[in-house]
Amino acid sequence: MRESMGMGVAFVGGLDPTNVDGRMEASLDAMFGIAVDHEKGIDIHLHESGPSGAAAIRYMLDTVERTPSLKGRLTLSHAFALANLSPADLDATAERMAASGVTVASTIPIGRSMMPLARLREKGVRLMSGTDSVIDMWSPFGSGDMLDKANLYAQLYSGSDEFGLSRALAIATGDVLPLNDAGERAWPRPGDAADLVLADASCSAEAVARKSKRAAVFHGGRLVFGALA
């Protein structure tokens with residue numbers, strides 16, 4: 001893993017330090033040590049949903065809080081243990097996560113592992129979504145489409161009015177939205193990166209609700225997919 005960091009990899013990863021490695025503290029210390037030594041980010045896929053998962057989250061927060069260089073560099077993917085915390089414990093943990101710049105990356109699961117994503121956002125935790133499967137061994141439902149995730153987030157957490165639908169788009173865009181909560185333009189502004197997707201929709205809410213067809217993708221101001229009519 002250290003060799004990979006030296007080759008330019010941006011994140012050091014980890015996986016279930018208790019269930020997989022059997023030594024939670026040693027596993028996490030090794031992961032954080034590599035991140036600090038190479039000034040890289042961390043993305044740990046933490047599926048442990050019980051006490052071991054909660055203990056791992058607390059240990060990681062302790063580590064970030066005493067290591068200033070790690071602030072804003074930790075991503076918890078899945079983090080199912082958050083779904084099983086008491087409301088008081090969740091709020092306290094979320095406040096620590098927000099203060100330390102911790103991001104939660106979620107597939108937005110439904111069922112018994114439904115995540116408290118709305119509460120995390122209320123507490124200031126940065127959220128993002130992704131897909132853990134694109135028709136593979138994990139699930140038959142993966143599409144790789146982030147508007148699918150925004151649509152699911154809206155159905156579970158945001159409601160079906162225009163405001164809620166438009167806010168749900170943030171889960172798919174890294175919190176970049178065309179309008180802020182007051183309806184004022186927030187994006188694009190001069191100097192913003194010219195990375196964008198054009199959708200066949202009249203507004204953000206329609207794009208989320210209808211999972212509108214994507215017409216074109218621009219990266220760095222260059223058309224990389226689709227075409228302009």
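This is a predicted model: local features need pLDDT of at least 70, side-chain atom pairs count only at pLDDT 80 or more; totals for chains, interfaces and linings use all residues.
Residues are numbered from 1 along each chain as its sequence is written, and side-chain values use heavy atoms, with hydrogens and water left out.

Trainee: In what order do the five strands of the open sheet stand?

Mentor: Strands here are DSSP runs (E, at least two residues; helices are H or I, at least four), numbered from the N terminus. Two of them pair if DSSP finds at least two bridges between them. The pairing is parallel, and the order reads β1-β2-β3-β4-β5.

Trainee: Why is one side of β1 and of β5 left without a neighbour in the sheet?

Mentor: Look at β1 (11–15) and β5 (126–129). They stand at the edges, so each has just a single partner strand.

Trainee: Which residue in β5 stands opposite S106?

Mentor: Start with β4 (residues 103–106), which runs parallel to β5 and is joined to it by four bridges. Opposite S106 you'll find S129.

Trainee: At roughly what angle do the axes of α3 and α4 cross?

Mentor: Axes are lines fitted to C-alpha atoms, for helices over the stretch in contact (heavy atoms within 4.5 Å). Angles run from 0 to 180 degrees between N-to-C directions. I57, R58, L61, D62 and E65 in α3 meet T93, R96 and M97 in α4. The axes of α3 (residues 51–65) and α4 (residues 87–99) come within 10 Å, and they cross at roughly 35°.
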